[in-house]
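Please read them alongside the sequence and the structure shown below.

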Amino acid sequence: MKTWKMAAAALFFAVLLVAGCNGGSSSGVNITGTVSVGGNALAGVTLTFSHNNATVTTDAAGNFSYTVTSGTSTTVTPTLAGYSFAPGSQAFVNLTTAQVQNFIATLIPTTVTISGMITDGTNALAGVTVTFSHNGATATTDGAGNYTYTVDSGTTTTVTATMTGYTFAPASLTLTNVTANQADQDFTGTATTPPTILSGTVSNNYNDLSVDNRGVAGATVILVKDEDVEGVESISPVEDLVNAANTYPSVTTDADGMYEFKSTDFSATYPENGNYFVYVEPPAASDAFWPGGSASRERVSLDGTTPVEQDVMLTDKNGSDATYIGSSTCLFCHPKNGLKQTLHFVGIRKIGANGTVTNGRMNMDDTSVYDLAANNTEAIDKFTDPATKYTFANNTSESFWLGKDATGLYFQLTSNTNPKFYVKYSYGGETGIWKMRFMTTVYDASGTAASGTYAPEHGASGTDDYAYYVMSPIQYQEDEGSVNGGKFVTYHDDRWDFAGTGNNGFTADPELKSFDLGCAACHGATQIKTQADGRMVAVYPANNFDPDAYVIDGVKAEINIGCEKCHGPGSNHLIAGGQGHAITVPDQLPAGRLTMICGNCHIRGENHTNIGGEAALIADGTGNYDIFKPGMSPSDFFGTPDMTSAGIVPFGTAEIDALTTGAYLEPINYETLGSKSWIDIAYESDNPFVNIFTNPDGSPVTRTQVTDSFNHSKGHHQQFMDVVRTKMYKNDREIVTCIGCHNAHGSSYEHQAESNVDDNSVCLACHNGTEMRQPASGDVDNPDPKEGKHTANFQYITQAMVADLAENGISDPAIGKEVMRHIGTWANGQMGASEYDPTGANKMGRCTNCHMPKTAKSADLTLALLTNQGLNQYTEGDIHSHTFDVMSTEAINAMETDKGPAGTTPSGMSDSCAYCHPFAGLN
């Protein structure tokens with residue numbers, strides 16, 4: 001009986017257990033419902049029950065059903081990828097009755113927008129940068145201050161607003177798991193003081209800013225981008241870019257002449273972290289200053305955060321009413337002893353006279369002073385008593401006699417019975433490296449003086465006779481390094497009758513071929529004046545500039561290239577008491593105006609006057625002719641704007657045709673005038689050759705022998721036309737003008753160089769790793785080229801090394817290694833392995849040997865090279881090319897093949913290689 005009862009009880013419990021597990025018991029509670037989206041059933045939705053994590057899925061009709069034990073508490077949560085639900089979940093507590101719970105699904109978008117407005121509390125702020133942290137992307141507010149940006153649904157990001165000169169509240173906004181559009185994400189900006197990027201003072205007091213408070217108020221300071229300067233065709237690139245109305249950053253100086261560039265003064269095109277040339281336009285209402293300023297030729301580098309100070313000096317103008325006062329007056333306050341030794345100052349000297357300002361003879365190398373007449377060397381010693389006969393080295397069919405008597409030194413043509421022409425002045429020479437010419441006087445052909453009558457001092461007249469200075473047909477050419485080894489060559493001998501007949505033997509028009517009209521415009525004159533008698537004479541500053549005895553209207557005058565040739569007429573400067581007032585200071589001019597001071601003489605071309613010739617003259621309408629004054633721009637000088645289709649660079653046909661008759665000078669056409677240049681412009685040496693030098697991996701290094709080759713001058717006075725076309729003159733770092741290498745006030749070095757040319761001090765002053773640093777690896781012994789953008793920046797030569805070389809003559813070993821590495825890279829490895837010895841017998845490594853070949857002729861061409869073996873000679877001039885471009889064998893051979901060995905062809909002309917390798921210029 002007991003056993004049966006126990007078995008029955010166990011069976012009953014098992015039935016209950018099964019019934020409970022299947023939810024089919026009358027004690028179970030059903031939870032049912034429907035999931036829809038947009039009023040339609042949504043199948044496949046998973047519903048999860050929290051009490052046991054059980055799940056069911058909606059059927060095709062969107063229905064679901066699940067039974068739980070009575071008294072169960074659970075939460076039902078629907079999920080389906082890409083959808084959100086309302087409600088998101090539903091909780092049930094202690095269920096005892098059936099429950100119906102429906103859910104509404106909404107499709108979740110794949111992207112959402114974040115948007116807002118940014119103001120300063122009142123006004124919209126345009127141009128605010130809004131940054132999103134999840135990907136670093138940015139948006140910018142429009143003119144209404146609005147911004148919007150689209151992100152993926154579910155993105156978490158932090159939104160930050162930034163703009164120079166403002167802070168923002170809130171500092172940032174963080175948005176988490178964004179699945180819906182987020183509007184009204186607003187910011188409020190508060191203006192702050194923008195950082196100063198560049199500042200300084202614009203002044204026009206040369207010596208002391210504190211004197212007279214010489215700050216220039218109302219001037220416009222303009223920043224010109226360095227890359228633009230490098231890329232523009234112009235003689236005055238910075239000034240011309242400004243005049244071309246570019247939208248460069250600019251500010252105006254305050255009442256004290258101070259200027260300040262804030263970060264807000266820059267733009268995306270011209271940012272605050274860049275390199276600029278600082279150019280100053282004087283106040284619009286003022287005519288007291290020249291434009292440009294002392295900072296207009298060398299760039300300043302801005303990093304956008306560190307403030308940079310750059311003061312600018314503007315030079316005064318001389319004043320339209322200024323007159324010339326002469327160098328003697330200038331030197332009373334400015335005793336520049338070095339100036340008195342320059343060839344500008346002592347180029348023309350009275351024979352045998354030593355004065356208080358200049359000396360009769362000077363040696364430019366050691367500055368020793370000699371008496372020109374007493375010294376028994378060089379050309380002056382050739383004038384003897386009795387006279388000595390000579391022939392020309394370049395024209396042996398013509399002869400002349402040189403003598404001296406109680407009146408002075410004289411020459412006679414062909415016979416010592418022909419008229420004596422007394423030498424009034426010598427020009428040049430007496431330096432061991434230059435030529436000497438001799439100035440005499442002849443009567444105007446319209447005079448009544450009998451043929452053979454000696455002409456007295458300049459301008460003296462009998463009835464209507466007039467004596468002009470002319471240059472003799474005799475020129476003494478000194479041999480470099482020789483004291484007494486020169487030779488006589490002809491100088492415009494076609495103007496003379498060597499038989500001694502005619503007007504004192506001078507067959508040309510004495511007026512038109514006089515020193516006054518042909519030379520004086522460059523050699524110190526201030527005007528060509530037509531006198532009452534109709535004759536034209538040169539006008540000079542009137543003062544006693546010893547040893548000159550040139551007399552105009554009874555007043556001694558200065559006839560050399562003195563102070564006012566470069567600084568302009570000084571009368572107002574004198575009245576103002578100096579201190580930089582009312583005088584042109586060349587170093588404070590922009591590049592084009594500065595180089596024109598040198599270029600108005602060191603140029604070839606034709607003026608637009610009935611006088612003709614190469615002097616820079618312009619008629620003033622009254623019969624007089626004005627001469628270039630310092631401060632003039634290239635546009636003034638050439639009579640046409642630069643940087644236009646009628647521009648003046650590079651002196652091509654179209655440019656010349658566009659010049660006006662009001663111009664001072666019409667430059668020669670370098671592209672067509674073979675008589676003026678070695679026309680190699682068509683031979684740019686673009687054929688590379690295999691160098692002996694190899695890369696570290698053993699592969700050969702191929703180099704183009706020379707790049708950007710162009711015409712090299714044939715004649716003297718063309719240095720300006722060479723320089724302004726070079727990359728050295730116009731680049732993105734510095735505009736290197738004439739005064740960068742030469743000191744017009746005098747120097748103890750040859751050619752008035754700033755420092756020694758022979759030991760490369762002049763070149764290395766800029767071409768060193770401190771000044772022109774480029775990224776590089778390795779050390780100085782690593783042969784891998786390191787020039788970077790600038791092909792000769794010499795990475796491992798420092799400014800300190802260059803200073804030690806220039807000041808003490810000590811050459812650090814790194815200098816030799818770097819220079820010879822450069823030669824090995826761009827010439828050949830064999831040369832690069834040679835010993836560096838720029839001042840030695842072979843001059844190995846001297847920069848000017850390659851980059852400044854003597855292509856131009858002032859007095860004579862040298863023909864050399866094994867003529868006894870029947871080989872072609874090479875030709876070397878006596879004036880260095882100033883293109884700084886290597887004259888390659890490739891260009892020489894191409895010209896000779898193309899044009900034949902005559903005319904404008906070099907015909908064996910010396911290239912840069914032939915200096916050391918005499919066979920290099922030969923086919």
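Which element supplies the largest share of the lining of the largest cavity?

1. The model is a predicted one. Helix α7 (residues 563-567) contributes three residues to the lining of the largest cavity, and this is the largest share.

2. The volume of the largest cavity is about 110 Å³. Its lining comprises 14 residues, and those closest to the centre are Tyr324, Gly524, Thr526, Glu564 and Lys565. Sorted by class, the lining has six nonpolar, five polar and three charged residues. The structure holds three cavities of 30 Å³ or more.

3. On secondary structure, the protein has 51 strands and 18 helices. Of the contacts between residues at least 6 apart in sequence, 61% join residues at least 24 apart.

4. Burial and surface may be considered together. The protein has 923 residues, of which 49% count as buried.

5. The cysteines deserve a separate remark. With a disulfide taken as a pair of cysteine sulfur atoms within 2.5 Å, the count comes to zero. Cysteine 519 is in no disulfide, and the nearest cysteine sulfur, that of cysteine 522, lies 8.8 Å away. Cysteine 766 is likewise in no disulfide; the nearest cysteine sulfur belongs to cysteine 741, 7.1 Å away. The relative accessible area of cysteine 766 is 26%, so this residue counts as partly exposed.

Conventions: Residues numbered from 1 in each chain as written. Predicted model: local features only at pLDDT ≥ 70, side-chain atom pairs only at ≥ 80, totals over all residues. Heavy atoms only, no water. Helix = DSSP H or I, 4+ residues; strand = E, 2+ residues; numbered from the N terminus. Buried < 20%, exposed > 50% of the residue type's maximum accessible area, 1.4 Å probe, protein only. Contact = heavy atoms within 4.5 Å. 1 Å grid on protein atoms, 1.4 Å probe; cavity = no way out; pocket = protein on both sides within 12 Å on 5 of 7 lines; lining within 4 Å. Points joined across faces, edges and corners; volume = space filled by probe spheres on them. Nonpolar A, V, L, I, M, F, W, Y, C, P; charged D, E, K, R; others polar.
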